[in-house]
Amino acid sequence: MEVHKRYHRKPDGRELILYGLKPLEGPPLAEPQEALAPAPHLRYHPLRREWVVYAAHRQERTFLPPKEHCPLCPSREGGFPTEIPFPTFQVAVFENRFPSFVPSPPPSPEGLPVLAERALGRCEVVVYTPSHTGSLATLTEEERLLLAWVWRERYQALYALEGVRFVMPFENRGEAVGVTLHHPHGQVYAYPFVPPLLEREAQAFRERPVLQELFPHLEPYRVDGEGGFLAFVPPFARYPFEVWVAPLERHPGLWTFSEEEMAAFARLLGRVVARYDALFGEPFPYVMVFHAAPLGEERTFHFHVEFYPPKRARDKLKFLAGTELGAGTFVVDALPEDTARRLREVL
């Protein structure tokens, strides 16, 4: 698939990249001149043995603006100046104005009673479409495939940055999971460390081919599938309607997919979201995360996508409370084989 890119440097120094199936032309429109100076840093939690990111500037980030002030829509001549100063685009990626990690972080604070480090990395916003409404389910097949190629390209670009050890695209959808902008979009974080959950996954994959061992036994948990990919409710799901999407053959990440696999993967992601939306006849909130190989784990890691939906019924949310937050042990209100059947039969 031939993807055209156009690079643009914003007045505050952040990078914007426009992606399309045709060359993107025309001058940029007016942009805000205000520049922020984010100064995130890391502190080490000695009991949990993990890093915590402190980014106090994020308290001021844009919160559920009206449509006419959406920062992710394309800018219009004489209109509200958005993050994308072009009237047309297909997919846009730009450095987050309120990042948790930055390419040139300041020194970490001194005099703290715990270990602190610089928050080196990068945080990007991925705008799926110029349309203010929509989802992975409503994008055209061509638009969804372009988006998949953008994710692939961002993996390759961000893993090439000095100090980056793990890259994770993700999407927060719906106010129930705390989304602050309704325009269809996701994010990509480039971390200077391997997060603890991914460390445990990487160790598991080093010890055994976990997903390949599961696949022959997943028929009761199957939701959908296509072209060497399977969508399923894991038999150990921690959320009632949790779904994973994975290739049947091991891949470390999107960057090793063939063109045919990219197309099948993109279609299957769209159908999973369509099934979610059909379940209760309304947009279904979720967190979607891509788990690709951390740096150095490419030989054994098995790429997969995990959906964490907070709903356990049409009008009930699955809150993380005492046992989940305090002990890390989930209590689930529905059986995975039952929720898989409901998602399988909804379309």
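This is a predicted model: local features need pLDDT of at least 70, side-chain atom pairs count only at pLDDT 80 or more; totals for chains, interfaces and linings use all residues.
What does His132 touch, once residues up to four places away in sequence are left out? The list is Lys67, Cys70, Cys73, His182, His183 and Pro184.

## The annotated binding site

Several of those names turn up again in the UniProt record. Its "binding site" annotation, from an unreviewed entry, covers Cys70, Cys73, His132 and His183. These residues span 114 residues in sequence, yet no two of their C-alpha atoms are more than 8.1 Å apart, so they gather at one spot.

Cys73 comes from the loop between strand 4 and strand 5 (91–95). Cys73 is buried too, at a relative accessible area of 13%. Setting aside residues up to four places away in sequence, Cys73 touches Thr82, Ile84, His132 and His183.

## Cysteines without disulfides

If you're wondering about disulfides, a search of the whole structure finds zero of them. For Cys73, the nearest cysteine sulfur is that of Cys70, 3.8 Å away, and Cys73 is in no disulfide. The cut-off for a disulfide is a sulfur pair within 2.5 Å.

Cys123 counts as buried, with 2% relative accessibility.

An open sheet is built from 11 strands in the order 1-2-5-7-9-8-13-14-12-11-10, with antiparallel pairing. Strand 1 (4–9) and strand 10 (222–226) are at the edges with a single partner strand each, so one side of each has no neighbour in the sheet. On average, neighbouring strands here are turned by 15° against each other, direction ignored.

Inside that sheet, strand 8 (residues 166–173) and strand 9 (residues 185–191) pair up in the antiparallel sense over five bridges. Phe166, for instance, has Tyr191 in strand 9 as its bridge partner. Helix 4 (residues 259–280) packs on the sheet and touches several strands, including strand 8, strand 10, strand 11 (229–232) and strand 12 (243–247). Strand 13 (286–291) and strand 14 (304–308) are also among the strands helix 4 touches. The direction of helix 4 makes about 150° with that of strand 10.

His304 is in strand 14. Is His304 buried or exposed? At 0% relative accessibility, His304 counts as buried. Its contacts beyond four places in sequence are Glu201, Phe205, Leu211, Trp244, Val245, Ala246, Val289, Phe290 and His291. A polar atom of the His304 side chain also lies 3.0 Å from the backbone oxygen of His302. As for Arg144, its C-alpha atom is separated from that of His304 by 18 Å, with the two residues 160 apart along the chain.

Thr300 belongs to the loop between strand 13 and strand 14. Thr300 counts as buried at 15% relative accessibility. Apart from neighbours within four places in sequence, Thr300 is in contact with Phe205, Arg206 and Arg250. Phe205 is in contact with Thr300 and is also one of the contacts of His304.

Strand 3 (residues 41–45) and strand 4 are joined by five bridges in the antiparallel sense. One of the bridge pairs is His45 with Glu50 in strand 4.

UniProt, in an unreviewed entry, lists residues 39–195 as "domain: Galactose-1-phosphate uridyl transferase N-terminal". That span is 12% helix and 25% strand, and its end C-alpha atoms lie 20 Å apart.

Terms used: Residues are numbered from 1 along each chain as its sequence is written. Side-chain values use heavy atoms; hydrogens and water are left out. UniProt positions are given in the numbering used here, feature names are shortened, and annotations may be inferred rather than shown by experiment. Helices (H or I, at least four residues) and strands (E, at least two) are DSSP runs, numbered from the N terminus. Two strands pair if DSSP finds at least two bridges between them. Axes are lines fitted to C-alpha atoms, for helices over the stretch in contact, and angles run from 0 to 180 degrees between N-to-C directions. Contact means heavy atoms within 4.5 Å. Buried means under 20% relative accessible area, exposed over 50%, partly exposed in between (1.4 Å probe, protein chains only). A polar contact is a pair of N or O atoms within 3.5 Å; within protein, one must be able to donate a hydrogen and the other to accept it, and residues adjacent in sequence count only if both atoms are side-chain atoms.
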